Each structure stands twice: as structure tokens, then as C-alpha cells.
Amino acid sequence: LLRSEEVYSVIHILKKRCKNVGLLLVGGGGNINQVRETAKSSRDIAITGWIKKNTDVIAYCKGSYIGVMTPRRNEMANTVSSIKCFEYVACETPLLVTDTGEHAELVRKLNVGLVVKPNAKSIADGLEKMIRDKKLYKTFKRNCRKSKYVVDFKTTRKIFADEICKDLGRL
């Protein structure tokens with residue numbers, strides 16, 4: 001995920017451009033303590049930490065205006081999509097994701113959000129575009145509504161499925 005200083009930079013850039021914007025980081029992760037330390041000086045960043053109940057996760061997804069996913073580029077991200085992407089689509093919440101993995105292909109294919117470069121400025125630019133362009137946002141939201149009923153393994157895990165087929169073909 002984004003480094004803690006990048007998280008702070010995104011919200012700092014966005015707050016200069018848009019009023020009434022905040023960042024809610026849902027869940028935890030390996031760098032959560034760093035992010036908490038960086039974010040403690042900002043009233044615009046809230047962190048839930050680990051969430052035990054799925055109903056709470058659903059409430060956060062539905063209550064979000066935009067779901068943001070920013071994994072770093074690595075082998076895992078290239079072949080595995082986080083379930084979070086599907087949770088946001090199921091909750092009809094458009095996504096902004098970085099072009100660092102399989103989830104970016106899903107967002108492009110289903111047209112449920114924007115795909116941006118993995119840096120603070122690009123992420124802030126994409127968020128601003130989704131906030132200001134109401135027509136674009138409504139299109140993404142409508143596509144989430146349609147897509148939540150048609151997402152299947154071949155659509156969501158194509159790269160992973162292709163890799164498995166290659167391996168099976170070698171046996």
C-alpha cells in the first residue's frame with residue numbers, strides 16, 4: 001500500500017482543491033503504525049484499524065464516496081485481486097485504483113472507476129476528477145450496480161486463471 005507520507009500527501013493535495021474531503025482508512029496492514037503516526041497531526045484522516053465484523057466492513061464500503069486501492073507493484077498484486085475491490089463494487093461504490101495489479105484490469109473492464117499511476121499527485125488528481133465530474137461518477141456508480149451481479153472467476157481472476165492453465169498445460 002502507499003507509504004505513510006504518501007497517504008498524508010494525497011489528503012493534503014486534495015484538501016487544497018476540494019472542500020469537505022476526508023480520508024477513512026479501513027482495516028489494518030503492515031505499515032498501519034507508520035500511517036497512524038503520520039496521520040495523527042491531521043484531522044482529515046481517520047483510521048479504523050482491524051475490523052472484526054463483516055457488517056461493519058459493508059457499512060464502511062457503502063458509506064464511502066470512492067473506494068481507493070493503492071497496492072505497490074509486485075508479483076502478488078500482478079496475479080491476485082484483493083477482495084476489497086469486489087466488496088466496493090458490490091456496495092456500488094466507484095473505485096480509484098493504481099495501475100499496479102490485476103485489480104486495475106477489473107476496474108478498466110467493468111468501467112467502475114479510474115486507474116491512475118501509483119503516486120500521490122496522480123491519486124489526488126483522480127480523486128478530484130471523480131469528485132468534480134458528477135456525470136463520470138454516476139456512470140461508474142451505475143456500472144458498479146450492473147457489475148455486482150455479473151462478476152465471475154473468468155472476469156475477476158483472468159490473469160490468475162491464465163497462469164493456472166499454463167501450469168496445467170505443462171504437466
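**View 1. Y65 is partly exposed in this predicted model.** With 38% relative accessibility, Y65 falls in the partly exposed class; the cut-offs, for a 1.4 Å probe and protein chains only, are under 20% relative accessible area for buried, over 50% for exposed, and partly exposed in between. Y137, at 7% relative accessibility, counts as buried. This is a predicted model, where local features need pLDDT of at least 70 and side-chain atom pairs count only at pLDDT 80 or more, while totals for chains, interfaces and linings use all residues. Residues are numbered from 1 along each chain as its sequence is written, and side-chain values use heavy atoms, with hydrogens and water left out.

**View 2. Y65 and Y137 form a stacked pair.** Search the whole structure and you get one aromatic pair. The ring centres of Y65 and Y137 are 4.0 Å apart and the planes sit at 5°, so this pair is stacked. For the rule, rings of Phe, Tyr and Trp (its six-membered ring) pair if their centres lie within 6.5 Å; planes under 30 degrees apart are stacked, over 60 edge-to-face, and the rest tilted. The two partners come from distant parts of the chain, 72 residues apart: Y65 is in the loop between α3 (54-63) and β3 (67-69), and Y137 is in helix α8. Helices (H or I, at least four residues) and strands (E, at least two) are DSSP runs, numbered from the N terminus.

**View 3. The cysteines make zero disulfides.** A disulfide here takes a pair of cysteine sulfur atoms within 2.5 Å. For C61, the closest cysteine sulfur is that of C91, and at 4.8 Å it is too far for a bond. C85 is in no disulfide either, with the nearest cysteine sulfur, that of C144, 8.8 Å away. C61 is buried at 2% relative accessibility, and C85 is buried with a relative accessible area of 0%.

**View 4. Three strands build an open, parallel sheet.** The order is β3-β4-β5, and strands count as paired if DSSP finds at least two bridges between them. β3 and β5 stand at the edges with a single partner strand each, so one side of each has no neighbour in the sheet. Neighbouring strands are turned by 15° against each other on average, direction ignored. Between β3 and β4 (residues 95-98) there are three bridges, and M69 stands opposite V97 in β4.

**View 5. The largest nonpolar core has 19 residues.** A nonpolar core is a set of buried Ala, Val, Leu, Ile, Met, Phe, Trp, Tyr and Cys residues joined through side-chain atoms within 4.5 Å. I66, L96, L114, I123, L127 and M130 touch the most other members. Two or more residues each come from α1 (4-17), β5 (113-116), α7 (120-132) and α8 (134-147). Apart from this core lies another, of 16 residues, among them I51, C61, M69 and V89.

View 6. Leaving out residues up to four places away in sequence, N143 touches L110, N111 and V112, where contact means heavy atoms within 4.5 Å. N111 follows α6 and has a positive phi, near 55°. Within α6 (residues 102-110), the buried residues include E102, H103 and L110.

Technical notes:
Axes fitted to C-alpha atoms, helices over the stretch in contact; angles between N-to-C directions.
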